[in-house]
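Hello,

Here is the structure I promised to pass on to you. Please have a look at it first, and then read my notes below.

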Amino acid sequence: MGTEALRVNNLDVSYGECCVVHGLSLALQEGTVLALLGRNGAGKSTSLNTFSGLLQPRNGSISLFGKPIERSSPESVARRGMRLVPQGRRIFPSLTVLENLQVAEQQVKDRPSTWNLERVYSTFGRLKERSRQKAGTLSGGEQQMLAIGRALMGNPRVLLLDEPSEGLAPMIVAEVAEALKKLKAERLSIILVEQNFHLALDLADEIVVLNTGRVAYAGSAETVRKQPELATRHLGVF
Ligand SMILES: Nc1ncnc2c1ncn2[C@@H]1O[C@H](COP(=O)(O)OP(=O)(O)OP(=O)(O)O)[C@@H](O)[C@H]1O
Ligand SMILES: [Mg+2]
């Protein structure tokens, strides 16, 4: 067994009195991809937002490389090496690609592999080509790459990606899938929330399916590739 990047135990999350995540447990091994799937409203974004410190859980624990973070602020979680790329890609539309990346830059000197502008540009050649272009004029897929690039500038070891292919045309989805493969090849540990089952299955090592806030299925992607219905019966895809 390798190093555990993220471990979540028995997590409950509520909005006021309304509990939307119930007893979620999962483990992400370093350098692997865990796909967190589920229908609209299943609690996927709520889970990612809680992992990243934006929401406080009602119960349960979250540890990042063995250190508890369930009471940490988003800034502290980010400093410890986990970054969220939120649903809806928050970039600055009136700034150029380069400016968007520069604003996100953070020097972290105590880690062996650090991301900088050069490395982001060599991973996502498209962003380099568009360096001087205003981010608001990029295609949806390019905006998603930029949102990921911005997260990388903070030197993460763990990335939380909330529906990177949402609202993109099929050709552009393929581009984003390629970009995600490159991140996996860079040994980043990734939790991927996706509605696109095939994209997720193609990339993932582990699959967790949420149904109304509870784990309905958890298993290896290999198993699900052989028997997709294990997951799809909770997803409404065929
Ligand atoms: N700020 C909020 N206040 C109250 N309820 C919320 C809030 N945000 C989400 N919810 C509710 O919590 C449940 C889970 O929402 P969440 O956004 O986590 O789902 P999701 O799986 O990410 O869905 P989608 O695929 O549509 O993005 C839903 O019933 C939603 O209506
Ligand atoms: Mg969501």
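Arg157 is partly exposed, with a relative accessible area of 33%; here buried means under 20% relative accessible area, exposed over 50% and partly exposed in between, with a 1.4 Å probe and protein chains only. The side chain of Arg157 meets that of Glu30 in a salt bridge, 3.6 Å from N to O, where a salt bridge is a side-chain nitrogen of Lys or Arg within 4 Å of a carboxyl oxygen of Asp or Glu. Arg157 sits in the loop between α6 and β7, and Glu30 in the loop between β2 (18-29) and β3 (33-38), so this pair ties together parts that are 127 residues apart in sequence. Helices (H or I, at least four residues) and strands (E, at least two) are DSSP runs, numbered from the N terminus. Glu30 is partly exposed as well, with a relative accessible area of 26%.

Before you read on, please keep in mind that this is a predicted model, in which local features need pLDDT of at least 70 and side-chain atom pairs count only at pLDDT 80 or more, while totals for chains, interfaces and linings use all residues. Residues are numbered from 1 along each chain as its sequence is written, chains are lettered from A and ligands numbered from 1 in the order in which they are written, and side-chain values use heavy atoms, with hydrogens and water left out.

Back to the salt bridges: the structure holds 10 of them. Another one joins Arg126 and Glu142, whose closest N and O atoms are 2.7 Å apart. Arg126 belongs to helix α5 (residues 125-129) and Glu142 to helix α6, so the pair ties together parts that are 16 residues apart in sequence. Arg126 is partly exposed, at a relative accessible area of 26%, whereas Glu142 counts as buried at 5% relative accessibility. Salt bridges with shared partners join Arg126, Arg130, Glu142 and Glu175 into one network. You will also find a salt bridge between the side chains of Glu4 and Arg7, at 2.8 Å from N to O. Both ends count as partly exposed: Glu4 has 26% relative accessibility and Arg7 has 30%.

Now to ligand 1. Which residues come nearest to ligand 1? Of the 13 residues around it, they are Gly41, Lys44, Ser45, Thr46 and Gln195; a residue is near a molecule if one of its heavy atoms lies within 4 Å of it. By class, this shell has three nonpolar, seven polar and three charged residues. For these classes, Ala, Val, Leu, Ile, Met, Phe, Trp, Tyr, Cys and Pro count as nonpolar, Asp, Glu, Lys and Arg as charged, and the others, Gly among them, as polar. Helix α1 (residues 44-51) gives the largest share of the shell, three residues.

One lies 2.9 Å from a backbone N or O atom of Ser45, one is 2.8 Å from a side-chain N or O atom of Gln195, and one is 3.1 Å from a side-chain N or O atom of Glu163. Taken alone, ligand 1 exposes 640 Å², and the protein buries 58% of that; these areas come from the Shrake-Rupley method with a 1.4 Å probe.

Glu163 has a positive phi of about 55° although it is not a glycine.

Asn155 has a positive phi too, near 60°. Asn155 lies in the loop between α6 (140-152) and β7 (158-162) and counts as buried at 2% relative accessibility. A polar atom of the Asn155 side chain lies 2.4 Å from the backbone nitrogen of Trp115.

Gln87 counts as partly exposed, at 28% relative accessibility.

Best wishes

Methods. Polar contact = N/O pair within 3.5 Å; in protein donor to acceptor, adjacent residues only side chain to side chain.
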